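Visitor: I would like to learn how to read salt bridges and pockets in a model. Please take them in turn.

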Amino acid sequence: MSLVIAAGGTGGHVFPALAIAQKWREKQPDEPIYWIGVKGGRERRWVEAAELPFYGIPMAGWQPRDKWRNFSLLYLLPYAAWHTYRLLNKLKPKVIFTTGGYPGLVPGLIGRMQQVPLVLLELNLYAGRTVRWLTRWAQKVCGAFPEIHGLEKVFSYEWVGVPVRFHPSDKSFYSSERAKSQLGFCPHKPLVLILGGSQGSSALNRMVGEVIPLWLREGISVLWQVGGGGETIETPKMQKVSFIEDMRVAYAAAEVVVSRAGGSTLGEIAWWSKAAVLVPSPYVAEDHQRKNAYYWARKGAA
């Protein structure tokens, strides 16, 4: 039984889907997995590093802050639909799985036309557009929160949490002191991990940049992911990098995580049982990060 995963755009959509692919391989080692993402998207590097076949489709998402750019969807969507129809005819999947976002919309719709069972995973408290549009045809809707908002009817909702790219042995292998030493920090000093998402956050980076000198004077170490294009700085007390490849070491080393509030990142913070300061992005669709953050705050998790 072959599986098609349709996910891309951001790490928040890709990494949980990679965790699903890893588990599928363990349980169905002889059944193939195919990945459909955005042509030219950053997810291709992550998917191919996991040794999965990647197929890029020319797609783009809705731009709420630059509506003129949305005119390109008039020709991109039909072209993506035609391309996806041909691709699914070739791959002949038995199941299509998506974590939502615009890369999952067209494969989900075309798969429906071809009578392929569809499974959705919503990582946020408030369902995004793709999940809301595809729910009526899905065999199963899974979610990262005990409840889900924004759906009129969910006939088959299951709370599964966030699939993570880690193994339980990571917690026992990476003690806080060992992780800090591996990163080059003092193993006995507290460490703050700052995450602005895989694409970075200029507002969060600017805010953090103002307070870091105070932290350093107090003897606090800082591991700071600034996003693509950011300069790299390494000192005994601070590391500023564009992207953290090994998040196992980063989470294990941290006492506190300062982060955006995307569902995928929240799931990883919970898995590692870390204290969190959340700064939700106001620019994402449906303002879902703010809703996620308020839910966590009400539960005493942030």
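Visitor: Which residue forms a salt bridge with arginine 248?

Guide: Side chains of opposite charge can pair when their charged atoms come close. The criterion is a side-chain nitrogen of Lys or Arg within 4 Å of a carboxyl oxygen of Asp or Glu. Here the partner of arginine 248 is aspartate 246, with 3.0 Å between the closest N and O atoms. Asp246 and Arg248 also belong to a network of salt bridges that includes Asp170.

Visitor: What should I know about the model and its numbering?

Guide: The model is predicted, so local features need pLDDT of at least 70 and side-chain atom pairs count only at pLDDT 80 or more, while totals for chains, interfaces and linings use all residues. Residues are numbered from 1 along each chain as its sequence is written, and side-chain values use heavy atoms, with hydrogens and water left out.

Visitor: How many salt bridges does a search of the whole structure find?

Guide: The search gives 9. One of them joins arginine 44 to glutamate 48, with the closest N and O atoms 2.8 Å apart. The two are 4 residues apart in helix H2, so about one helical turn separates them. Helices are DSSP runs of H or I with at least four residues, strands are runs of E with at least two, and both are numbered from the N terminus.

Visitor: Is lysine 180 buried or exposed?

Guide: Buried means under 20% relative accessible area, exposed over 50%, and partly exposed in between, using a 1.4 Å probe and protein chains only. Lysine 180 is buried at 3%. Its salt-bridge partner is glutamate 255, with closest N and O atoms 3.1 Å apart. This pair links distant parts of the chain, 75 residues apart: lysine 180 lies in helix H7, and glutamate 255 in the loop between H9 and strand S12. Glutamate 255 is partly exposed, at 33%.

Visitor: What lines the second largest pocket?

Guide: Rolling a probe the size of a water molecule over the atoms shows where empty space is left. On a 1 Å grid over the protein atoms alone, a pocket is an open set of points where a 1.4 Å probe fits, with protein on both sides within 12 Å along at least five of seven lines; lining residues have an atom within 4 Å of a point. In this pocket there are 18 lining residues, and Phe15, Leu18, Trp46, Arg165 and Glu245 lie nearest its centre.

Visitor: Which helix gives the most to that lining?

Guide: H1 does, with 6 residues.
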